[in-house]
Amino acid sequence: MVKLVESMTGDHPARPCLVFSNDPEAGALERAKSLGVATAAVDHRPFGKDRAAFEAHIDKHLVDAGVEIICLAGFMRVLTPGFMEKWAGKMLNIHPSLLPKYKGLHTHARALDAGDAEAGCTVHEATAELDGGPILCQARVPILSDDTTDTLAARVLVKEHIIYPATLRRFAAGDRARIDHTG
């Protein structure tokens, strides 16, 4: 989130207007405030299994803030197809694997357990399919012989901080072509 907010300056075609969390205690909210970005939080727990009611509250915050593009970053709730459909074509996500490999959780452990030679991250349009949607950008990192999930995650995070802001810039300008990041 911080890298996205920091990138939206100068001639960037987008500006941050809201950082939202389902955890009112999320550290990102304080960080966003310190960067001058409005924040909102709706705790999902009181809604129980009523995901539609929870999402209606999210949607109200997004609409009231004038959000045009949603960038998911660490939002660990599965959104319903109805919510996803409303925001179709306006929502990005970053995932710490080379999709379509390793959708879901524990991506680094899964790559290591499989003996993969490389790992990476993917920015994609978010759709109702978990970690699905058109891939907009990927970055790769080699898996080293002494890698742990933590060391691999740290190297992938460096790439995430590069490709997510760059992909948002292109997406906000209307460019949805896929690119692979090298370097």
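The entries below go from the overall fold to the loops, a helix, the salt bridges and the cavity.

**Ground rules**

I am working from a predicted model, where local features need pLDDT of at least 70, side-chain atom pairs count only at pLDDT 80 or more, and totals for chains, interfaces and linings use all residues. Residues are numbered from 1 along each chain as its sequence is written, and side-chain values use heavy atoms, with hydrogens and water left out.

**Entry 1: overall fold**

I counted elements to start, and the protein chain has six helices and seven strands. (Helices are DSSP runs of H or I with at least four residues, strands are runs of E with at least two, and both are numbered from the N terminus.) From the N terminus on, the order reads α-β-α-β-α-β-α-β-α-β-β-α-β.

The radius of gyration comes out at 17 Å, close to the 16 Å that the globule rule gives for 183 residues, so the protein chain is as compact as a globular protein of that length. (The radius is taken over C-alpha atoms, and the rule is 2.2 Å times the number of residues to the power 0.38.) Along the principal axes, the C-alpha atoms fill a box of roughly 50 × 40 × 30 Å.

I also checked burial: 41% of the 183 residues count as buried. (Buried means under 20% relative accessible area, exposed over 50%, and partly exposed in between, with a 1.4 Å probe and protein chains only.)

**Entry 2: the loop between β4 and α5**

L99 and P100 are joined by a cis peptide bond, with omega at about 15 degrees, and P100 sits in the loop between β4 (91-95) and α5.

Y102 is in the loop between β4 and α5 too, and its phi is near 60 degrees, a positive value in a residue other than glycine. H106, again in the loop between β4 and α5, also has a positive phi near 60 degrees. Buried or exposed? I looked up H106 and Y102 for that. H106 is exposed at 63% relative accessible area, whereas Y102 is buried at 17%.

Going on into helix α5 (residues 107-114), I picked out L112, which is partly exposed at 24%. L112 and R15 are 97 residues apart in sequence and 37 Å apart in space, C-alpha to C-alpha.

**Entry 3: helix α6**

An α-helix has 3.6 residues a turn, so residues three or four places apart point the same way. Just after α6, G174 takes a positive phi of about 95 degrees.

**Entry 4: salt bridges**

How many salt bridges does the structure hold? I get 13. (The test is a side-chain nitrogen of Lys or Arg within 4 Å of a carboxyl oxygen of Asp or Glu.)

E118 and R140 pair at 2.7 Å, N to O. E118 lies in strand β5 (residues 118-125) and R140 in strand β6 (residues 135-142), so the pair ties together parts 22 residues apart in sequence. Both ends are partly exposed, E118 at 35% and R140 at 39%.

R176 and E125 pair at 3.9 Å, N to O. This pair links distant parts of the chain, with R176 in the loop between α6 (149-172) and β7 (179-181) and E125 in strand β5, 51 residues apart. R176 is partly exposed at 40%, while E125 is buried at 11%.

R170 and D175 meet at 3.5 Å, N to O. R170 is buried at 15%, and D175 is partly exposed at 34%.

**Entry 5: the cavity**

Last, I searched the whole structure for cavities of 30 Å³ or more and found one.

The lining is H44, F47, G48, D50, R51, F54, E55, R77, V78 and L79. By class that makes four nonpolar, two polar and four charged residues. (Ala, Val, Leu, Ile, Met, Phe, Trp, Tyr, Cys and Pro count as nonpolar, Asp, Glu, Lys and Arg as charged, and the others, Gly among them, as polar.)

Note on methods
On a 1 Å grid over the protein atoms alone, a cavity is a set of points where a 1.4 Å probe fits but cannot get out, and a pocket is an open set with protein on both sides within 12 Å along at least five of seven lines; lining residues have an atom within 4 Å of a point. Grid points are joined across faces, edges and corners, and a volume is the space filled by probe spheres set on the points.
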